[in-house]
Amino acid sequence: MQLRVVTDQPWDVPADVLVVPVALEPAFDGPLGELDRRAGGELRSLVAFGESTGKRYATALAAGSGTKSGRLLVVGLGDPQTLDREMTVRIGATAERRLGGRTVRRLAVWISPIATALGNDASAAAELVARGVVQGSFDPRTIYRDEVETAPPVLDELILVAPDANVTELTRAAERGIVIAEGANHARGLANRASNDVSPEVLADEARAVAAKHDLWIDVIEPERATELGMGMFMAVGRGSDNPPRMIVLRSGGEGERDALDRHLALVGKGVCFDSGGISIKPSGGMEEMKMDKTGACTVIAAIATVARLAPGTPLLAVAPAVENMPGPHSTRPGDIVTALNGKTVDITNTDAEGRLILGDAMTYAEQLGATHIVDVATLTGAVHRALGHLVTGAFGAPQAFYDDVMEAAARAGERYWQLPLIDDYRRDMDSWYAELQNSSSAEGSLVKSGLFLREFVTRPWVHLDIA
């Protein structure tokens, strides 16, 4: 897809479709009024008829007669004063997905109303809208099907329309947004692939391809070596499957090298390629979705590739412990005692609390490789979904200063996080008669306890993101 930023007026831009962002109760004056006049009053007519409401993400298609676009796609901004970066990405995605099943090769988006709502930040509008359009093009139905009639259109050209803007600056911002979106779609594509397609070994092969493409160092630790290293929690989960586990490590920059903030950041992602629950088997309802339990690993693999494109050589680690959690003759049983890589003994009381086990060893290993700061990403608990819903990520962190740094990055990226407390009084609920701690206890405070368990395996500044 080609990207172009133009400073023409929106009605003068040749395109198959022109996206027109419209706020609640729009005032048809200025450029919006002129666009409506040239379109023969079509935009006013849509509002009068109730077809176009201006409500956020609401859409309406209209003829583009009188303009150089074949169609006008009105997308509601809602109240411009409440528009944020996350919503802006979704507006771009909404436009792309609304055109599913249509023949669209050139899509133009008039970003000026969005830039105004974002505090006259045209660069932010360009980056977030371009990112949204590309992310909106992802459709998991196309992974295994040759034809999907209602799939979002494959664009030849994306045109961002911003009269009087700095073309060079906006082009650079939009290109950044596209790279980030392509990274997100890479992660989503991997995460949505079926478990009989992506085993731990296949995920390692995908990581090798990423390393080769972006000139990254890679190490894949197989079961024998993981056992020799002392990764007892990792192996406790992975040994039950016929598909053996892999500890995947990718590195950008030199070994032990620090960035401009004197940090060597590690991104650690949970890679359970299928989670049956093991001996503590899950109910059958919805178990097919457990192919998605590898999303954290897919995320960090795609993230380090994205960083390599945006800022080659940035010191960064990505560690993805990849396993299948299956019942079998070699599976860990409830009540088994294992020794973690950091030497702590763990009583495994629930084999379905497996993500925290593999993450614990992965984070310890990241520290051994020189990580000074760690962010882990995991589809860890159903409790976070029940607490916060599907639009907000639950987050833990310590110390607070590092957590705040990560939240600043989240705000720039347009991602919603909510800090959850690490209540030390809950730690005693994880005491075990037989080991230093157990991996699961009573349901009360289970979300907080998951964070407390992970904290046992980090000694550096750390943030945990529960994306389940």
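Two cavities of 30 Å³ or more sit inside this predicted model. A cavity here is a set of points on a 1 Å grid over the protein atoms alone where a 1.4 Å probe fits but cannot get out, and lining residues have an atom within 4 Å of a point. Grid points are joined across faces, edges and corners, and a volume is the space filled by probe spheres set on the points. As background, rolling a probe the size of a water molecule over the atoms shows where empty space is left.

The table puts the two side by side. In its class column, Ala, Val, Leu, Ile, Met, Phe, Trp, Tyr, Cys and Pro count as nonpolar, Asp, Glu, Lys and Arg as charged, and the others, Gly among them, as polar.

| Cavity | Volume | Classes of lining residues |
|---|---|---|
| Largest cavity | about 80 Å³ | five nonpolar, six polar, one charged |
| Second largest cavity | about 40 Å³ | seven nonpolar, one polar, no charged |

If you want to find the largest cavity on screen, look for its lining residues, including Ala-236, Gly-278, Asn-325, Ile-348 and Glu-354. The second largest cavity is lined by Val-19, Ile-91, Gly-92, Ala-95, Val-109, Ile-114, Val-129 and Val-133. Helices α3 (85–98) and α5 (122–136) are the elements that give two or more residues to that lining, and α3 provides the largest share, three residues. Helices (H or I, at least four residues) and strands (E, at least two) are DSSP runs, numbered from the N terminus.

A word on the ground rules: residues are numbered from 1 along each chain as its sequence is written. Because the model is predicted, local features need pLDDT of at least 70 and side-chain atom pairs count only at pLDDT 80 or more, while totals for chains, interfaces and linings use all residues, and side-chain values use heavy atoms, with hydrogens and water left out.

Now for the open spaces. A pocket is an open set of grid points with protein on both sides within 12 Å along at least five of seven lines. The second largest pocket has a volume of about 820 Å³. Its lining has 31 residues, and those closest to its centre are Lys-282, Asp-352, Leu-380, Thr-381 and Gly-382. Two or more residues each come from α11, α12 (382–388) and α14 (446–455), with α12 giving the largest share, four residues. By class, this lining divides into nine nonpolar, twelve polar and ten charged residues.

Stepping back to the whole chain, there are 14 helices and 18 strands. The radius of gyration, taken over C-alpha atoms, is 24 Å, close to the 23 Å that the globule rule gives for 468 residues, so the chain is as compact as a globular protein of that length. That rule is 2.2 Å times the number of residues to the power 0.38. Along the principal axes, the C-alpha atoms fill a box of roughly 80 × 45 × 45 Å. Buried residues make up 54% of the chain; buried means under 20% relative accessible area, exposed over 50%, and partly exposed in between (1.4 Å probe, protein chains only).

What about the nonpolar interior? A nonpolar core is a set of buried Ala, Val, Leu, Ile, Met, Phe, Trp, Tyr and Cys residues joined through side-chain atoms within 4.5 Å. The largest such core has 48 residues, of which Val-346 and Ile-374 touch the most other members. Helix α11 (residues 355–368) gives the largest share of this core, seven residues. Another core, of 37 residues, lies apart from it and includes Ile-91, Leu-107, Val-109 and Leu-155.

A few single residues are worth a look. Val-210, in helix α7 (residues 200–214), is buried, with a relative accessible area of 7%. Leaving aside residues up to four places away in sequence, Val-210 touches His-186, Leu-216, Ile-301 and Ala-305, where contact means heavy atoms within 4.5 Å. Val-210 and Ile-301 are 91 residues apart in sequence, yet 7.8 Å apart in space, C-alpha to C-alpha.

The backbone has some details too. The peptide bond from Ala-398 to Pro-399 is cis, with omega near -5°, and Pro-399 lies in the loop between β15 (393–398) and α13 (400–413). Glu-25, in the loop between β2 (15–23) and α1 (30–38), has a positive phi, near 50°, and is not a glycine. Glu-25 counts as exposed, at 76% relative accessibility.
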